Amino acid sequence: MTTTTDLWTFPDTVGRLDLTGFDVEATDGSIGKVDEATHDVGESYIVVDTGIWIFGKKVLLPAGTVQRVDRDDEKVYVDRTKDEIKEAPEFDKDTYTDEGYRSEVGDYYGSQRKSGAEQREVAQQRQQ
């Protein structure tokens with residue numbers, strides 16, 4: 001089970017790599033480029049500029065949503081679908097570093113974690 005702290009911590013394989021400018025891939029396709037990244041202990045995240053995908057909006061993704069980083073291709077792979085990211089709390093450039101907003105985002109992404117069986121069940125329901 002992922003703890004709240006894990007949600008805001010990059011996988012060890014990312015290290016202190018500057019991810020700014022890297023492409024971001026959801027489990028079902030590209031969502032944009034990293035506009036900003038922070039490596040603060042227990043408070044790390046990336047801000048993704050979605051470009052035309054959701055009309056030039058930005059989204060905040062906790063570091064724990066990052067599955068892996070391809071340094072050669074400069075891509076960040078996250079473990080969420082485009083729809084899950086699109087439905088996240090709206091990014092606000094004036095409050096995205098505030099604890100209240102980060103808590104809301106953490107609650108949203110933390111609740112998105114499902115067991116493999118639950119994920120398969122949801123996928124089967126979508127196909128019907």
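Trainee: What makes strand β1 (residues 23-26) and strand β6 (residues 75-78) a pair?

Mentor: Two strands pair if DSSP finds at least two bridges between them. Here 3 bridges join β1 to β6, so the pair qualifies. The two strands run parallel. One example is Asp23, whose bridge partner in β6 is Lys75. The model is predicted: local features need pLDDT of at least 70, side-chain atom pairs count only at pLDDT 80 or more, and totals for chains, interfaces and linings use all residues. Residues are numbered from 1 along each chain as its sequence is written, and side-chain values use heavy atoms, with hydrogens and water left out.

Trainee: What counts as a strand or a helix, and how many of each are there?

Mentor: Both are DSSP runs, numbered from the N terminus: helices are H or I with at least four residues, strands are E with at least two. The protein chain has 4 helices and 6 strands. Along the sequence they follow α-β-β-β-β-β-β-α-α-α.

Trainee: Why are β4 (58-62) and β5 (66-70) called edge strands?

Mentor: Look at the order in the open sheet: β4-β3-β2-β1-β6-β5, with mixed pairing. β4 and β5 each have a single partner strand, so one side of each is left without a neighbour in the sheet. Neighbouring strands in this sheet are turned by 35° against each other on average, direction ignored.

Trainee: Which strands does helix α3 lie across, and at what angle to β4?

Mentor: Helix α3 (residues 99-111) lies across β3 and β4, at about 70° to β4. Axes are lines fitted to C-alpha atoms, for helices over the stretch in contact; angles run from 0 to 180 degrees between N-to-C directions.

Trainee: Why is His39 called buried?

Mentor: Buried means under 20% relative accessible area, exposed over 50%, partly exposed in between (1.4 Å probe, protein chains only). His39 comes to 16%, so it counts as buried. It sits in the loop between β2 (29-38) and β3 (45-49). Across the 128 residues of the protein chain, 39% count as buried.

Trainee: What does the side chain of His39 reach at 2.9 Å, and how do you know that this is a polar contact?

Mentor: It reaches the backbone oxygen of Leu17 at 2.9 Å. A polar contact is a pair of N or O atoms within 3.5 Å; within protein, one must be able to donate a hydrogen and the other to accept it, and residues adjacent in sequence count only if both atoms are side-chain atoms.

Note on methods:
Contact means heavy atoms within 4.5 Å.
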